[in-house]
Amino acid sequence: MGLVAYLKTQFVLQLLLGFVFVVSGLLINFIQLLTCVLWPIDKQLYRRINTRLSYSLWSQLVMLLEWWSGTQCTLYTDQATVDKFGKEHVIIILNHNYEIDFLCGWTICERYGVLGSSKVLAKHELLKVPLIGWTWYFLEIVFCKRKWEEDRETVFRGLERLRDYPEFMWFLLYCEGTRFTEKKHQISMEVAESKGLPKLKYHLLPRTKGFTTALKCLQGTVSAVYDVTLNFKDHQVPTLLGIINGKKYMADMRIRRFPVEEIPEDEKECANWLHKLYQEKDALQEHYHKEGTFPGPTITPPRRLWTLLNFLFWAALLLSPLINFACGVVVSGSPLLILGFSLFLIVASIAIRRLIGVTEVKKTGSSYGDEGSKKQI
């Protein structure tokens with residue numbers, strides 16, 4: 001292990017990274033709160049400002065992926081599809097198998113200039129999570145409880161509000177509804193058998209309601225659906241802790257573009273189209289497991305300096321006073337100050353670890369498979 005790689009695994013350095021992210025995030029959330037006065041005056045100005053504020057926070061996580069860990073993302077798609085990236089409103093369908101699948105999606109958003117305006121259909125529990133949920137609230141993210149009877153009005157209203165969004169928007173949907181685990185897969189395939197649907201090997205049965213609703217509400221705004229199938233070289237199982245420790249991963253993403261004109265408008269036919277799409281995604285994953293690659297030409301978009309420069313700005317702004325204060329505490333020799341600062345570091349490390357825990361597969365609980373969730377499929 002080289003010196004740089006060794007330093008990346010050190011807790012103190014990782015704590016400083018987390019400090020910059022958390023404190024800058026709280027400052028950004030405060031600024032976002034202040035921008036609320038703009039909403040009744042100039043809604044589009046409010047949105048443009050919040051798009052850039054959100055970029056300033058999320059790009060720090062992208063920086064960890066691209067510059068800290070050096071993870072590479074290779075796209076398996078054609079140049080004609082890539083030429084449209086960042087130039088149209090789209091719905092993204094991404095498989096939900098890995099802790100960092102959202103980061104891989106974000107790095108592509110960043111490289112094509114739509115990170116700040118990217119959207120997602122998020123579970124309501126995330127609204128209570130500092131930084132993540134709070135930032136998404138100001139971004140007009142649509143939150144749902146995964147119970148259609150309760151979500152119907154909220155989802156329709158939230159999606160309708162996005163129809164006039166001024167920035168090109170990538171709306172991410174995890175149609176499987178929850179992250180893949182063997183237990184959830186077994187339950188999902190029992191549902192597939194009971195409904196007479198083909199079984200999937202690498203995916204859960206897609207929940208069609210969110211997709212058909214998003215497509216209907218954003219009709220006239222969204223021009224295409226991008227199907228993204230993600231996997232990693234050499235059977236890697238990436239984690240956010242691995243990224244923080246500087247571990248490099250090799251991500252491969254098969255991207256297919258479907259113009260909305262090719263997708264049936266009828267809800268039942270649209271649901272059947274989505275099921276067929278997931279059967280094709282399963283075949284792509286089967287190909288990857290056998291060959292180690294996806295079919296088709298490859299494109300590797302270069303990483304941009306903006307994520308690194310943004311992080312260095314926040315680090316310079318926030319770490320200098322922290323380090324000066326820490327030195328002052330040590331020099332003072334005051335047991336009370338030293339104890340207080342130590343408690344602060346402990347609380348900060350726990351808070352950062354809990355934020356990381358939000359992404360962990362073993363902690364992403366779901367009611368998938370109970371009677372309530374079966375009714376939503």
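Me: How many salt bridges does the structure hold?
Reply: The structure holds 20 salt bridges, where a salt bridge is a side-chain nitrogen of Lys or Arg within 4 Å of a carboxyl oxygen of Asp or Glu. Bear in mind that this is a predicted model, where local features need pLDDT of at least 70 and side-chain atom pairs count only at pLDDT 80 or more, while totals for chains, interfaces and linings use all residues. Residues are numbered from 1 along each chain as its sequence is written, and side-chain values use heavy atoms, with hydrogens and water left out.

Me: Okay, which residue does arginine 304 form a salt bridge with?
Reply: Glutamate 110 is the partner of arginine 304, and their closest N and O atoms are 2.8 Å apart. Arginine 304 sits in the loop between β8 (298-299) and α12 (306-332) while glutamate 110 is in helix α5, so the pair ties together parts that are 194 residues apart in sequence. Helices (H or I, at least four residues) and strands (E, at least two) are DSSP runs, numbered from the N terminus.

Me: And is glutamate 110 buried or exposed?
Reply: Glutamate 110 counts as buried, at 0% relative accessibility. Arginine 304 counts as partly exposed, at 27%. Buried means under 20% relative accessible area, exposed over 50% and partly exposed in between (1.4 Å probe, protein chains only).

Me: What about the rest of helix α5, how many of its residues are buried?
Reply: Eleven of the eleven residues of helix α5 (residues 101-111) are buried, so the helix is largely enclosed by the rest of the structure. Among them are Asp101, Trp106 and Arg111. Just after α5, glycine 113 takes a positive phi of about 75 degrees.

Me: Back to the pairs. Which side chain does lysine 209 meet in a salt bridge?
Reply: That of glutamate 267, at 2.8 Å from N to O. Lysine 209 belongs to helix α9 (residues 208-217) and glutamate 267 to helix α11 (residues 267-291), so this pair ties together parts that are 58 residues apart in sequence. Lysine 209 is partly exposed at 27% relative accessibility, and glutamate 267 is partly exposed too, at 44%.

Me: Where do glutamate 280 and lysine 276 lie?
Reply: They are four residues apart in helix α11, which means about one helical turn separates glutamate 280 and lysine 276. An α-helix has 3.6 residues a turn, so residues three or four places apart point the same way. The side chains of glutamate 280 and lysine 276 meet in a salt bridge of 2.7 Å, N to O. Glutamate 280 is partly exposed at 26%, as is lysine 276 at 48%.

Me: Which residues do shared partners join into one network?
Reply: Lys43, Arg47, Glu140, Arg161 and Asp164 are linked that way, by salt bridges that share partners.

Me: Now the strands. Which residues cover the two faces of β5?
Reply: In strand β5 (residues 170-173), Trp170 and Leu172 on one side and Phe171 and Leu173 on the other are all buried, and both faces are covered.

Me: In what sense do β2 and β5 pair?
Reply: Parallel: strand β2 (residues 90-94) pairs with β5 over four bridges. Two strands pair if DSSP finds at least two bridges between them. Valine 90 stands opposite tryptophan 170. Strand β3 (residues 119-123) also pairs with β5 in the parallel sense, over two bridges, and there lysine 119 stands opposite phenylalanine 171.

Me: Last one: which residues does UniProt list for "transmembrane region"?
Reply: The unreviewed UniProt entry lists residues 12-39, 311-331 and 337-356; annotations of this kind may be inferred rather than shown by experiment. In the model, residues 311-331 are 100% helix and 0% strand, with end C-alpha atoms 29 Å apart. The span 12-39 is 86% helix and 0% strand, and its end C-alpha atoms lie 41 Å apart.
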